[in-house]
Number of protein chains: 2
Amino acid sequence: MKDPRLLTDDALANGVAVRLERLLGLFRRLSPPHELSLTATSVLATLERSGPGRLTVLAAREGVTQPAMTQLISRLEEADLAAREPDPADGRVVLVRMTATGRAMLARRREIRAGRLAVMLAALTPDDRAALAAALPAMDALASAVPGDETLAAARPLS
Amino acid sequence: MKDPRLLTDDALANGVAVRLERLLGLFRRLSPPHELSLTATSVLATLERSGPGRLTVLAAREGVTQPAMTQLISRLEEADLAAREPDPADGRVVLVRMTATGRAMLARRREIRAGRLAVMLAALTPDDRAALAAALPAMDALASAVPGDETLAAARPLS
DNA sequence: TATTGTTATACTCTATAACTATA
DNA sequence: TATAGTTATAGAGTATAACAATA
C-alpha cells in the first residue's frame with residue numbers, strides 16, 4: 001500500500017457499492033413520480049441506447065421473466081411509448097422499438113431530473129464537482145462492463 | 001471555460017444524471033434477487049444510518065404513503081427485520097427500529113453486492129479505479145445534500 | 001422437438017378512503 | 001378539531017404454469 005490514493009480492490013468495491021446504494025435513493029427522489037415504473041423507464045432507456053430488440057432479450061436484460069416483459073411492452077404500447085414489429089426473418093419473433101412519444105417522454109424526464117440535480121451540485125464544493133466530472137468516464141466504463149450489454153440484435157436470450 | 005476539467009453546472013448535472021441512470025440498472029442486477037423489495041432495503045438502510053424513527057417520517061423519506069409504510073413495516077416485523085416500539089412521550093406515535101437480524105441481512109446483501117462489483121472493477125483501468133476512488137467523498141456529499149436527510153428523530157412529517 | 005411469445009392465475013406492493021385512538 | 005397510525009379495497013406489476021404458433 002505505497003500509494004494512499006489507491007484502495008484495495010475490495011475496499012473500493014465496498015466504497016462504490018455503499019455510495020451507489022445511497023445515490024439510488026437520491027435518484028429515486030429526483031425522478032418525476034411514478035407515472036412510469038422503474039423497469040419501464042429502464043426498458044425505454046435500453047431501446048434508445050441499443051435500438052430495437054427482441055422481447056426475450058429485453059426480458060433477460062432487465063432481469064424479469066418473458067411474460068412480465070410481454071405485459072410491460074403491452075402497457076408501453078398502449079401508452080404509445082413503444083411498438084411491436086414482426087421480424088421478417090423469423091415469424092416467431094417480436095421486435096420492440098421505441099416511438100417518438102417514448103423518446104420525448106424520456107427526454108423530458110431526464111430534463112427534470114438534471115434540473116433538480118443541478119441545484120444539488122451547486123451546493124457542493126468546486127473540488128467535489130471536479131472529482132465527479134473526472135469520474136464520469138470511469139462510470140461509463142463501469143456501466144459498460146455489465147455482461148450482456150452488447151447491441152440487442154446481437155445478444156442472445158441468456159444461456 | 002478556461003479550464004477544460006470543469007464543465008458547466010448544467011453539463012455536469014446532465015452527465016451525472018445519465019450515469020446514475022445507467023448505474024442504477026447495474027446496481028439492480030448486482031443486488032441479490034427479490035427476497036426484499038427496493039423500498040424495504042432502503043428503509044432498513046435508513047434505519048441503520050439514522051437510527052429509530054417515526055413511521056410517518058419514514059414514509060415521507062421513502063416517498064410512499066403512510067398506509068404503505070404501515071404495511072411495509074408489518075412485513076419487516078413479521079420477518080424479524082424491524083420492530084415497532086411505543087413512544088413514551090406521545091401515545092399516538094410508533095417508533096420503528098431495526099433488529100439484529102435486519103442488520104445482519106443488510107450486511108450480507110452488501111457483501112454479495114460488493115463481491116460482484118469487485119469483479120467488475122478489476123476489469124477497469126487503474127486510472128478509472130483511481131478516478132472512482134477520488135470521487136467517493138463527492139458522492140457522499142451529494143447523497144448528504146438530500147433535503148430531509150437529518151436524523152429521523154428530528155425530522156418532521158413534511159409540511 | 002425446440003423456440004418465441006401469449007394467456008391464465010396468484011401473489012406482492014402501493015394508493016386512496018374510511019376508521020380508531022390519542023393530543 | 002388535529003394528528004398518528006391502522007384497516008379496507010382496488011389497481012399495477014411480477015412470477016409460474018399452461019398454451020399457441022413458427023422453426
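A salt bridge is a side-chain nitrogen of Lys or Arg within 4 Å of a carboxyl oxygen of Asp or Glu. By this rule, 8 salt bridges cross the interface of chain B and chain A. In one of them E62(A) pairs with R28(B), with the closest N and O atoms 3.6 Å apart.

This is a predicted model, in which local features need pLDDT of at least 70 and side-chain atom pairs count only at pLDDT 80 or more, while totals for chains, interfaces and linings use all residues. Residues are numbered from 1 along each chain as its sequence is written, chains are lettered from A in the order in which they are written, and side-chain values use heavy atoms, without hydrogens and water.

Contact (heavy atoms within 4.5 Å) joins 59 residues of chain B to 59 residues of chain A. The buried area, which is the accessible area (1.4 Å probe) that two parts lose on being put together, summed over both, is about 6,000 Å², and carbon and sulfur atoms give 71% of that area. In chain B, the residues that lose the most area to chain A are E21(B), R22(B) and L142(B), together 12% of what that side buries.

| Class on the side of chain B that touches chain A | Count |
|---|---|
| Nonpolar (Ala, Val, Leu, Ile, Met, Phe, Trp, Tyr, Cys, Pro) | 36 residues |
| Polar (the others, Gly among them) | 6 residues |
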